[in-house]
Amino acid sequence: MKVQPFHLAIPVYDLKSCRKFYGETLGCGEGRSSDHWVDFNFFGHQLVIHYKPKEEIAGEHSNPVDGKDVPVPHFGVVLEWKVFQEFSKLLASKNIDFIIEPYIRFEGQVGEQATMFFKDPCGNALEFKSFKNMDQLFAS
């Protein structure tokens, strides 16, 4: 099955800092925009940041996974193994404050994966992950 790009719209209370974060820090190309929203090419997908006052944005939650507190909700992309390794080094060089530093989750088990979590300047949690064996993406 051919994977189609997803569209995701998220709230941000600081459009300027998030525009810089997604554009410069993560390297996402910018598309259309207005005074209240900005489109980005998020690794081939359409991500839109929409301004929303901070007091209207929901609080933080987490669930335990593999001994770590995983922020919920979160979003991100499954990258090729080599791309993940290069991207995680790039983020570290840009002093990203990782919630969960890059590591191998479920090591030696079905679904073994590299993963990392961090937040944008407005607290939206992102996860990037990679599988050495992409056939295990939905394995149980």
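Start by selecting α2, residues 81–93, and look at what its buried residues pack against: α1, β8 (98–105), β9 and β10. "Pack against" here means contact, that is, heavy atoms within 4.5 Å. Buried means under 20% relative accessible area, exposed means over 50%, and partly exposed is in between, using a 1.4 Å probe and protein chains only. The helix and strand names come from DSSP runs, numbered from the N terminus: helices are H or I runs of at least four residues, strands are E runs of at least two.

Before you click on, a word on what you have open. This is a predicted model, where local features need pLDDT of at least 70, side-chain atom pairs count only at pLDDT 80 or more, and totals for chains, interfaces and linings use all residues. Residues are numbered from 1 along each chain as its sequence is written, and side-chain values use heavy atoms, with hydrogens and water left out.

**Stop 1: around α2**

Keep α2 selected. This helix has 13 residues and reaches 19 Å from its first C-alpha to its last, close to the 18 Å expected at 1.5 Å a residue. (The expected span is 1.5 Å times one less than the number of residues.)

Now colour F84, F87, S88 and L91, the buried residues of α2. Turn the view to look down the axis: these buried residues fall within an arc of 100°, so they line one face of the helix. That arc is taken from the directions from the helix axis to the C-beta atoms. On the other side of α2, pick out K82, K89 and S93, which are exposed. Just after the helix, click N95, which takes a positive phi of about 60°.

**Stop 2: zoom in on F84**

What does F84 touch, leaving aside residues up to four places away in sequence? Show L79, P102, A114, T115, M116, F128, K129 and S130, and you have the list. F84 lies in helix α2 and counts as buried at 2% relative accessibility. Try the distance tool between the C-alpha atoms of F84 and M116: they are 32 residues apart along the chain and separated by 9.4 Å.

**Stop 3: the nonpolar core**

Next, select Y22, L26, F42, I49, F118 and F128. These have the most contacts inside the largest nonpolar core, which has 27 residues. A nonpolar core is a set of buried Ala, Val, Leu, Ile, Met, Phe, Trp, Tyr and Cys residues joined through side-chain atoms within 4.5 Å. Elements supplying at least two core residues each include β1 (7–12), α1 (15–25), β3 (37–42) and β4 (45–51). α1 gives the most to this core, with four residues. In soluble globular proteins, nonpolar side chains tend to be buried together.

Centre on F42 for a moment. Leaving out residues up to four places away in sequence, F42 touches F6, Y22, L26, C28, L47, F75, G76, V77, L126 and F128.

**Stop 4: salt bridges**

How many salt bridges are there? The count comes to five, where a salt bridge is a side-chain nitrogen of Lys or Arg within 4 Å of a carboxyl oxygen of Asp or Glu.

Select R19 and E30: their closest N and O atoms are 2.6 Å apart. R19 lies in helix α1 and E30 in strand β2 (residues 29–33), so the pair ties together parts that are 11 residues apart in sequence. R19 is partly exposed at 30% relative accessible area, and E30 is partly exposed at 42%.

Move on to K119 and E60, whose side chains meet in a salt bridge (2.6 Å, N to O). K119 sits in strand β9 and E60 in the loop between β4 and β5 (61–65), 59 residues apart.

Then go to E127 and R105, another salt bridge, with the closest N and O atoms 3.4 Å apart. E127 is in strand β10 and R105 in strand β8. Buried or exposed? E127 is buried at 8% relative accessible area, and R105 is buried at 5%.

**Stop 5: the cysteines**

A disulfide is a covalent bond between the sulfur atoms of two cysteines. The cut-off used here is a pair of cysteine sulfur atoms within 2.5 Å, and a search of the whole structure finds zero disulfides.

Select C18 and C122 to see why: the sulfur of C18 is 3.4 Å from the closest cysteine sulfur, in C122, too far for a bond. C18 is buried, at 0% relative accessible area. Finish on C28, whose sulfur is 12 Å from the closest cysteine sulfur, in C18, again too far for a bond.
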